[in-house]
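Visitor: I am new to this structure and would like a short tour. Could you begin with a term that I shall need?

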Amino acid sequence: MKGVTKSFYLLLVFVMVLSLAACSTPAPAAAEEPAAPAAEEAAPAEKTYQDLVVGFAQIGAESGWRTAETDSIKAEAETLGVKLQFSDAQQKQENQIKAIRSFIAQQVDVIGVAPVVETGWETVFAEAKDAGIPIILVDRRADVSDDLFASFIGSDFVLEGENACMEMGELLGGAGNIVELEGTVGAGPAIDRKKGFDDCMAANYPDITILESQTGDFTRAKGKEVMEAFLKTYTGEINGVYAHNDDMALGAIQAIEEAGLKPAEDIIIVSIDGVKGIFEAMAAGKANVTVECNPLLGPQFYEAALTLANGGSVEKWIKSNEGIFRADTAAEDLPTRTY
Ligand code: AHR
């Protein structure tokens, strides 16, 4: 009996081991890696700055400000490794349009343009849109519908004109006669700086008269020439000059000195841009105020260009931060100026 019991128990143990083995859940097979998507289905890799090809249609080199902007656009491309096609239109809209068409033909990723004047851009911007190439307006606006450009990077020119008006009004003690040197006819900053200044004068300083307003084309030479004519026409009557940019103000200062008068004392000088030359003039007591307009737009331009090239969206107006600088701090501000 003892032998039978032992065999019975052995059999029982064997059966239990077998059934346990049968019941135990097999270890789950290692989860299979999802199959890599076929090459043609893979999402396109994000572009980096080194992949970016950008065309830039510049106006020309009419002022120190413009040269500083060009330097910023070129230097930043170099720093980031962006491939830049740069074109200088020598102040001619037709040359800017030709450059944009050539950028479209080269299938660049993004086109930057500083429009010399506001009108006449619809056709060529529509061509860029049809080719799927975003347009970024740099520093100057174009009078086109919102769907024809991706972003405007630049200043509030109307506000610049208003700031210049308040400075002039204060310096003249609310009364006197001034002349105005306007920028290039039809250019955004010329239109807006005039509007901001003239409207603000009419609203705040009824005893200040704008004797005459004429274009000096944003250049020093033309600013001087127009100021010479103003000094002849209004001998002894001019108390202030408002120039839409510093270069024209610097030309006017020369004309005033050549006429035997003291700029900043006999005739108040208020202008816009903030180039080194006007800081030197202010430090030398020959100019009173400059309202800053920042030309160093390279970094913001390429950041927006890369976002657009990767299918992203950017602000419709990317504003620059700017200040107002006066003669009393010019000597200490001068070493900090980068353009
Ligand atoms: O568009 C900006 C203006 O153009 C600057 O004030 C002027 O100096 C430049 O030429």
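Guide: A residue is called buried when its relative accessible area is under 20%, and exposed when that area is over 50%. Please keep in mind that this is a predicted model.

Visitor: Is M248 buried or exposed, then?

Guide: M248 has 0% relative accessibility, so it counts as buried. M248 lies in helix 8.

Visitor: Which residues does M248 touch?

Guide: Setting aside residues up to four places away in sequence, M248 touches L181, E182, G183, G216, D217, F218, T219, R220, G223 and A243. As for I272, it is 24 residues from M248 in sequence, and their C-alpha atoms are 9.6 Å apart.

Visitor: Where does I272 pair?

Guide: The bridge partner of I272 is V291, in strand 10. Strand 9 (residues 268-273) pairs with strand 10 in the parallel sense, over four bridges.

Visitor: Which way do the residues of strand 10 point?

Guide: V289 and V291 point one way, while T290 and E292 point the other way, and all are buried. In a regular strand, side chains alternate between the two faces of the sheet.

Visitor: Back to helix 8. What about D247?

Guide: D247 is also placed in helix 8, which covers residues 246-258. D247 is buried yet has no salt bridge.

Visitor: Which side chain of opposite charge is nearest to D247?

Guide: That is R220, which is 4.0 Å away.

Visitor: A change of topic: how far apart are the ends of helix 3?

Guide: The end C-alpha atoms of helix 3 (residues 93-105) are 19 Å apart. At 1.5 Å a residue, its 13 residues should span 18 Å, which agrees.

Visitor: Which of its residues are buried?

Guide: In helix 3, the buried residues are Q96, I97, A99, I100, F103 and I104. Viewed down the axis of helix 3, the buried residues fall within an arc of 160°, so they line one face of the helix.

Visitor: What covers those buried residues of helix 3?

Guide: The cover includes strand 1 (53-58), strand 2 (83-88), strand 3 (110-113) and helix 4 (122-130).

Visitor: And which exposed residues are on the face turned away?

Guide: The face of helix 3 turned away from its buried side carries the exposed residues E94, K98 and A105. Helix 3 is followed by Q107, whose phi is positive, near 55°.

Visitor: How many bridges join strand 3 to strand 1?

Guide: Four bridges join strand 1 to strand 3, and the two run parallel. V54 has V110 of strand 3 as its bridge partner. Strand 3 also pairs with strand 4 (residues 135-138) in the parallel sense, over three bridges, and V113 stands opposite L137 in strand 4.

Visitor: Finally, how many helices and strands does the protein have?

Guide: The protein has eleven helices and twelve strands. Of its 339 residues, 47% count as buried. Among contacts between residues at least 6 apart in sequence, 74% join residues at least 24 apart.

Methods: Residues are numbered from 1 along each chain as its sequence is written. This is a predicted model: local features need pLDDT of at least 70, side-chain atom pairs count only at pLDDT 80 or more; totals for chains, interfaces and linings use all residues. Side-chain values use heavy atoms; hydrogens and water are left out. Buried means under 20% relative accessible area, exposed over 50%, partly exposed in between (1.4 Å probe, protein chains only). Lys and Arg count as positive and Asp and Glu as negative; His and the chain ends are not counted. The expected span of a helix is 1.5 Å times one less than its number of residues. The arc is that of the directions from the helix axis to the C-beta atoms. Contact means heavy atoms within 4.5 Å. Two strands pair if DSSP finds at least two bridges between them.
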